[in-house]
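Hi,

Here is the model I promised to pass on.

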Amino acid sequence: MTGLLLLVCLHVAVVSCTRVEHEDRCYLSASHWQDFGRSRRHVGHEDVDELRSLYKEEDRTVELHSGNFDENVYGSVNLWVVQFYMEWCGHCQGFVPTWQTMGQYFEGWSDVTQLGTVNCAYAGNRELCKAHRVQWVPNFQFFEPFSKKGDGGAEIDFEGTDDREALPFSRRIVQYIYENVEDWSDPSVYNDMQAPWGDEIIQQFNQLLTTFTSTLNISIAEKNATSIEHQASTEMPIKDVFEGNRLYLEETVLNSSHAWAVLFCEPSLSRCQQSQPVWKQFTKDTEGWKIYIESFEVDCSIYNCTEYGVARMPVLKLFNAKAANLENAISYKGAITTESLTKVIIRHLESHTEDDTPETWPWPGLAGIKYSDIDGVLGGSLYRILSMYPDVRTVVVLVEEKDRQMLVGKQVLLDTSEIRNMMLLRVVWNQRDRLRVADITWPTALVVEWQPLSYTWKITQEPLAVESWSREAIMTSINDYFRNLTNPVFTQVFERDLETALWISLSQGTYLIEGNFTDVKLEALIEYITALVRYFPGQPRIMRKLEALQSLLFNKTEISVDEFSEELNKQSEEAYIRKDTEWVGCRGSEPRYRGYTCGLWQMFHAMTVEANAQQSSTFTEPVAKDAYPLEVLHAMRTFVTYFFACEHCRYNFLKHEAVSMETDVSDHEDAVLWLWHTHNSVNDRIQGKKSEDPLHPKVQFPLPAKCSLCHGRLGWRNVEILFYMQRVYGKEFIIV
């Protein structure tokens, strides 16, 4: 019995599916093929040492591939547990320590248990992974003793991510063996092949199962206790303003460091429907006013707005900074237009007295300075600014004539209030005022810079070049001035990275599809290819290949994966996509880092920027123009849903990020900003995880060192983020 028992081994294998082409051969590494200290024969590839694997020889796992999978797994007396993965998949990389720990757990059971892996990102393993129904990775399958080719493995389903931790996963393996060991001990099941496991091994597995269960329960108890302790010490009572809770509304708008504008509306009312687009655009245009005022909308079809004294809608309620109660709010029930909202809100801010003006509001605020002599402004007032705000090094002085276009200066002051290290000062004059600065036409915008060596303020030689005295023209001049002053550093994006990501998305992303492209999967492929044809910033040869793929799919109700792959792989001088995987800007410190995922992010960023650049002339139909801001993002969501093999990444993106797409995006600029915000959200979620390149840590980009203007006093400045994204990912800036 003991001798026969030693013949029975459980192997855990990993299959790697990353594609590498060179002289029409695929290369796999032999560094991970040791069977718990016993050397195995590797067949089917001449240069298997070139395989890039996530695992090392000491990890006690067998690296399987198309040349040795059948001979090791099928017909074996061993039980195999096989992990199918792709080396670029972040969750697969994060699972490596779990797999290594499992190898340690089963080290003493090498005669009954083993682990193995397959990398599905390599072209040489493509058919192997597809034959085993691998559509998402990581994928885990059991292969019972004496299984036959064609039987396939039994896929392991997981109820939650905790099930994939080393201890629960190991217990499931033992449980699986324990439940099936009696059948495996019956020789008749395997056509009289000698594989009796007997009572002794059943008892041993029962003991091992009990040990694992006990250890698992202790681990779960410790984990829960740690989680409860962490929640008790760190949990903050943060609520959603749209819960409609009056107490929370009070907590939000009362005793606040800034004013609040709250629009109460019911979507079914025509008046609200008319005002909603204006309100949404206005809140977007005034995002930089956060030091002074913030805003939100309450849906009165969901929440009881009568509790707040709202009857006729729409109504805008304005709450003072430092407000002590809700009853003193000012209600505006007039027309909701951009002009009316601007006037009402600025008038509300100006109505603050000295007692309810927050200290965070920059002096002298919207009122400006009424000096008859501008020399006085450049004297005491500027030194007062320096004493109050020591970080300020540049002051923009807007000199306006009283009662003429004064709303413009106030808007610009609010727009610039978020810019760090600068302040805008309004000087109001009239015809009786004596102005001692020669050769200047009023109104004007002067730039005054602090000279630390001489401890003086100095006016720059020329006023800001402003085409017209409008909010847009002045802000353009101010932004241009500070961009030149701060000298932002723009990340380089290489066309080679975009093309490599494109190739992998079309080749790897589609070959694991089970069956043909039909119905929803065909629609998904058409949507993705259509977006690529319209917005991928590629050379003519790339665009002609994409157009050929689009033509192939035209009017089709079904197409085979092989037919699509054949067209994709066709090469001509006029139309082709490079097949060799090469990374430039997306190259990681090791081959498993960055690469494909970096290239995908850059590709979709470039497409949203290109769509924004085209939006003014591409579509003329109103309905199409309203719908198309989401075109690239919809194509991205479709791609992730059906063609992105990393299961955990796909789940998190669809659950956490994609849900806000419909509500947050109303135009092409929104689409660019949404994807930038989503990218940073993902960076924040996976920062410090095993998939992070130690030489390229996940950060919130752009960093202040690269774009100081992107970082405002209270957060991001979207106008500068948009400029930065256009400058980095614009078609004309991509390095060919």
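**Disulfides and a charged patch**

Cysteine 120 and cysteine 129 are both buried, where buried means under 20% relative accessible area, exposed means over 50%, and partly exposed is in between (1.4 Å probe, protein chains only). Before going on, a word on the source: this is a predicted model, in which local features need pLDDT of at least 70 and side-chain atom pairs count only at pLDDT 80 or more, while totals for chains, interfaces and linings use all residues. Residues are numbered from 1 along each chain as its sequence is written, and side-chain values use heavy atoms, with hydrogens and water left out.

Back to that pair: cysteine 120 and cysteine 129 are joined by a disulfide, S to S 2.1 Å (a disulfide being a pair of cysteine sulfur atoms within 2.5 Å). The torsion about their S-S bond is about -95°, so this disulfide is left-handed.

How many disulfides does the structure hold? There are 5, and I'll go through two others here. Cysteine 265 bonds to cysteine 272, again with S to S 2.1 Å. Both of these cysteines are buried, and the S-S torsion comes out at about -110°, so this one is left-handed. Then there is the link from cysteine 300 to cysteine 305, with S to S 2.0 Å. With a torsion of about -100°, the bond between cysteine 300 and cysteine 305 is left-handed too. Cysteine 300 has a relative accessible area of 11%, so it is buried; cysteine 305 is at 4% and therefore also counts as buried.

Now for the surface. Asp519, Glu523, Glu527 and Glu558 gather there in a patch of negative charge. For patches, residues need over 30% relative accessible area and no salt bridge, with like charges joined within 9 Å and nonpolar side chains (Val, Leu, Ile, Met, Phe, Trp, Tyr) within 5 Å. A salt bridge here is a side-chain nitrogen of Lys or Arg within 4 Å of a carboxyl oxygen of Asp or Glu.

Which helix gives the largest share of the negative patch? That is helix H14 (residues 519-535), with 3 residues; helices (H or I, at least four residues) are DSSP runs numbered from the N terminus. Glutamate 527 is found in helix H14, and its 30% relative accessibility is why it counts as partly exposed.

Cheers

Definitions and conventions. Areas by Shrake-Rupley, 256 points an atom, 1.4 Å probe, with all protein chains shown as cover. Lys, Arg positive; Asp, Glu negative; His and termini not counted. Charge placed at Lys NZ, Arg CZ, Asp CG, Glu CD. Helix = DSSP H or I, 4+ residues; strand = E, 2+ residues; numbered from the N terminus.
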